Amino acid sequence: MSRDENARYLESIRPRSALAPIKLWMKLLPFILVAYVAAYFMVTGGKTPKLPSTEELSRSGSQLGFVLLVGGVLAVGTLGSIFWRRWSAHRKIDAAFLHPDVSALLAVYEQVYASSSRFPDVAFYRASSRALAHACYGDAASARRELASVDWSARPPVIRAMERVGEASIVMLCEDDPARGLALAKEALSMVEFPSPVAGSDEGRAYYEICVGIGEVLTGTATPDSLAALKVHNQQTNLPVAWLMSAWGLRVASAHAGDTVGAEVLRKWLQKDAPHCAPLHRIPG
C-alpha cells in the first residue's frame, strides 16, 4: 500500500521539481522540430529546400553550433546551480554544528526550507529537520514541538515517515527506550518504499537505515551485516546529520564490543564536528 501511495505522490509533485523545466523542454523539442518543418513547407508552398552551398552550410553550421552552445551552457548552468546550492547548504549545516547552541542550525534550515520555496511539502521537511536539530542538542521537548507544528495525518507514507523517524531519533538520542526507537525506525523505513527505483531515493533512505542500525546497536541485536551497512552509510553519506548519527552508532557499537581504539577515533571525530551536541557524546548502557 505504501509503495502505491508513494508512487502517486511522486507523480503529483513531479511538475514542481527543480529539473521540471528542463525535462519539459526535452519533451517538447520533437514537437517544436515538427512544427518548424510544417511551418517551413507552408511558407514555401510545399517546395523541397534546395541543397545548400558550401558557404551556406558553413554559415548554418556556425549558427547551429552557437545555438547548441548557448543551450548547453544554460542547461549546465541550471544543473550546476542546483548542485552548488546543495553543496553550499551542506557546508552551512556542517558549520552550524560547531555552534554552542541550536540557533545556528535552525537558522540554516529556515534558509534551506524557506516558506517561499517551490519544494513540495517544504513545511514538513523544515519541521523534521528542526526536530532533528533539537534532538542532536538534547532538547527532546522542543524537538517534539517541531514535529507537532504540522499535520502529518493527511500526507502520503513517504512524508509521514519523517515524523516516525524523527520520534525514533528523539527516543534514541535523548531517552533510554531503545526498543521503542528501533520499532519506530523500522516502521519509518517500511514507509519509504517505491514500486520502482527512484532517483535520489537511496540518499533519502540512508537516514532511515542508519536509525534502524543504531536501534539494533542500542538493543544489542546488531549483526555483522547491519554493522557493515552502518559503516558503509557513514563512509558514503553526504548528509551531515546522517554522518553524525552513523558515527555515533558506530562509536557505541565499538564501546560495547570493547574496541577502545575504534571508539576513541570516532569520539574525536564527533568532538571535532559536533562539540556541543551532548547526546552524540554519550554511551548508553
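**Stop 1: helix α7**

Start by selecting residues 157-174, which make up helix α7; helices here are DSSP runs of H or I with at least four residues, numbered from the N terminus. At 1.5 Å a residue, the 18 residues of helix α7 should span 26 Å, and its end C-alpha atoms are 25 Å apart, which agrees. That expected span is 1.5 Å times one less than the number of residues in the helix.

Before going on, know that this is a predicted model, in which local features need pLDDT of at least 70 and side-chain atom pairs count only at pLDDT 80 or more, while totals for chains, interfaces and linings use all residues. Residues are numbered from 1 along each chain as its sequence is written, and side-chain values use heavy atoms, with hydrogens and water left out.

Of its 18 residues, 14 are buried, so α7 is largely enclosed by the rest of the structure. Buried means under 20% relative accessible area, exposed means over 50%, and partly exposed lies in between (1.4 Å probe, protein chains only).

**Stop 2: the cysteines**

How many disulfides does the structure hold? The number is 0, where a disulfide is a pair of cysteine sulfur atoms within 2.5 Å. Select C174 to see why: its sulfur is 8.3 Å from the closest cysteine sulfur, in C136, too far for a bond. C174 is partly exposed, with a relative accessible area of 25%. Next, pick C211, whose sulfur is 9.7 Å from the closest cysteine sulfur, again in C136 and too far for a bond. C211 is buried, at 0% relative accessibility.

**Stop 3: the nonpolar core**

Select F97 and M245, the residues with the most contacts inside the largest nonpolar core, which has 67 residues. Such a core is a set of buried Ala, Val, Leu, Ile, Met, Phe, Trp, Tyr and Cys residues joined through side-chain atoms within 4.5 Å. In soluble globular proteins, nonpolar side chains tend to be buried together.

Zoom in on M245. Leaving aside neighbours within four places in sequence, M245 is in contact (heavy atoms within 4.5 Å) with S169, L173, Y207, I210, C211, I214 and L280.

**Stop 4: a buried arginine**

Move to R251 in helix α11, residues 240-256. R251 is buried yet has no salt bridge, meaning a side-chain nitrogen of Lys or Arg within 4 Å of a carboxyl oxygen of Asp or Glu. Which side chain of opposite charge is nearest to R251? It is E264, 5.8 Å away; Lys and Arg count as positive and Asp and Glu as negative, while His and the chain ends are not counted. Among the residues that R251 touches beyond four places in sequence are A263, L266 and H281.

**Stop 5: salt bridges**

The count comes to 14 salt bridges. Select D121 and R155, a pair whose closest N and O atoms are 2.9 Å apart. D121 lies in the loop between α4 and α5, and R155 in the loop between α6 and α7, so the pair ties together parts that are 34 residues apart in sequence. D121 is buried, at 16%, whereas R155 is partly exposed, at 24%.

Next, show R130 and E146, with their closest N and O atoms 3.0 Å apart. R130 lies in helix α5 and E146 in helix α6, so this pair ties together parts that are 16 residues apart in sequence. R130 is buried, at 16%, and E146 is buried too, at 14%.

Finish by selecting R3, E193, R205 and E209, which are linked in a network of salt bridges.

Notes
Helices (H or I, at least four residues) and strands (E, at least two) are DSSP runs, numbered from the N terminus.
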